[in-house]
Amino acid sequence: MSEGVERNTRTIEGSVVTDFADRMSYGGYLDLGTLLAAQRPLSDPEHHDELLFIIQHQTTELWLKLVLHELSAACRLLREDQLAPALKCIARVKHIQKTLTEQWSVLATLTPAEYAQFRGVLGNASGFQSAQYRAVEFTLGNKNAAMLKVFASDAPAHALVHQALEAPSLYDEFLRLLARSGYAIPAEVLERDVTQAWTFTRELVPLFAEIYADPQAHWAAYETCEELVDLEDNFQLWRFRHLKTVERIIGFKTGTGGSSGVPFLQRALQLTFFPELFAVRTEIE
């Protein structure tokens, strides 16, 4: 290298800590030894693409853990009439949802021929058995007690899903907050069995129509309604992207967990969390 030409390197500043014998390090704080050792492909010989498949689903579970953390906080804050910080939690969930949806594009690089070479090692393992995903659905109102039997052999997973089944959903907490704020929420809504899936309640539509008719007068309620609509939109986009990725990789084969595969995922697109918030749009003039 000619004199006066700097090497393409960066000098480490003298103040940078390099001795971690008795200090907290990046890897130590994140427990990277455990995290990065958790990817254990089962194909033999190991198939190149199985690592992609494992990391895709493990990162999804990490994001779902954060989604549950934020939704749980949002529910608690709504119970405490702290709407603004609850909306901050919901806003964060919306960004996570976008990341989760975009993530399907990485898995979609897996071709049918590549997946077929290691699909057999999955046995009956399936995303259908994700306790965190099910807890998210329950927290948003799509409850189904029959799902508990899927987790009967896994006590911590069963406890997580059971807790979400018995707790009021995010929508329940929002409607209770509206009632405490003076809105005429029907008693049967406030006293309903929260372990049951939310079903469309026609009596709520005029109330939401009133809110949407004058956003300035009902701004807090109006803003929250729109945040919930965003949540549902994002969730449906995630479901649709999941469906199309599965269709792209395995076509119309049955799922590893025993489901019909694509048809089963198509039916999930008919589920809704906040039906009145969509129904009210027909009433707005």
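Some conventions apply throughout. Residues are numbered from 1 along each chain as its sequence is written, and side-chain values use heavy atoms, with hydrogens and water left out. Because the model is predicted, local features need pLDDT of at least 70 and side-chain atom pairs count only at pLDDT 80 or more, while totals for chains, interfaces and linings use all residues.

**The whole chain**

Begin with a cartoon view of the protein. Its secondary structure comes to 13 helices and zero strands; helices (H or I, at least four residues) and strands (E, at least two) are DSSP runs, numbered from the N terminus. Taken along the principal axes, the C-alpha atoms fill a box of roughly 75 × 50 × 40 Å.

**Two backbone features**

Select Asp31, in the loop between helix 1 (26–30) and helix 2. Phi of Asp31 is near 50°, a positive value in a residue other than glycine. Next select Asp44 and Pro45, which are joined by a cis peptide bond with omega of about 0°. Pro45 lies in the loop between helix 2 (32–35) and helix 3. As background, most residues other than glycine have a negative phi, and most peptide bonds are trans.

**Helix 3 against helix 4**

Now select residues 50–79 for helix 3 and 83–107 for helix 4. These two helices pack at an angle of about 165°, with their axes 8 Å apart. Here axes are lines fitted to C-alpha atoms, for helices over the stretch in contact, and angles run from 0 to 180 degrees between N-to-C directions. Helix 3 and helix 4 are therefore roughly antiparallel to each other. The classes of angle are roughly parallel under 35 degrees, roughly antiparallel over 145, roughly perpendicular from 65 to 115, and oblique for the rest. Helix 3 passes helix 4 in a left-handed crossing, a term for the near helix being turned anticlockwise from the far one by less than a right angle. The residues of this contact divide into 22 nonpolar, six polar and two charged. In that division, Ala, Val, Leu, Ile, Met, Phe, Trp, Tyr, Cys and Pro count as nonpolar, Asp, Glu, Lys and Arg as charged, and the others, Gly among them, as polar.

**Helix 10 against helix 11**

Move to helix 10 (residues 204–213) and helix 11 (residues 219–250), whose axes come within 9 Å and cross at roughly 110°. Helix 10 and helix 11 are therefore roughly perpendicular to each other. The crossing of helix 10 past helix 11 is left-handed. To see the contact (heavy atoms within 4.5 Å), show Phe208, Ile211 and Tyr212 of helix 10 together with Ala221, Tyr222, Cys225, Glu226 and Val229 of helix 11. By class, these residues are seven nonpolar, no polar and one charged.

**The largest pocket**

Switch to a surface view. The largest pocket holds about 1600 Å³ of space. Centre the view on Ser126, Gly127, Phe128, Gln129 and His242, the closest to the pocket centre of its 50 lining residues. Helices 3, 4, 6 (131–140), 11 and 12 (262–268) each give two or more residues to this lining, and helix 3 gives the most, with eight. The lining has 24 nonpolar, 17 polar and nine charged residues.

The search uses a 1 Å grid over the protein atoms alone: a cavity is a set of points where a 1.4 Å probe fits but cannot get out, a pocket is an open set with protein on both sides within 12 Å along at least five of seven lines, and lining residues have an atom within 4 Å of a point. Grid points are joined across faces, edges and corners, and a volume is the space filled by probe spheres set on the points.

**The cavities**

A search of the whole structure finds two cavities of 30 Å³ or more. For the largest cavity, of about 120 Å³, select Leu64, Gln97, Leu100, Val136 and Phe235, which lie nearest its centre among 13 lining residues. Helix 4 gives the most to this lining, with four residues. The lining of the largest cavity has 10 nonpolar, three polar and no charged residues.

Finish at the second largest cavity, which holds about 30 Å³ of space. Select Asp172, Leu175, Arg176, Val189, Leu190, Arg192 and Val194, which line this cavity. Helix 8 (170–180) and helix 9 (187–190) each give two or more of its lining residues. By class, the lining has four nonpolar, no polar and three charged residues.
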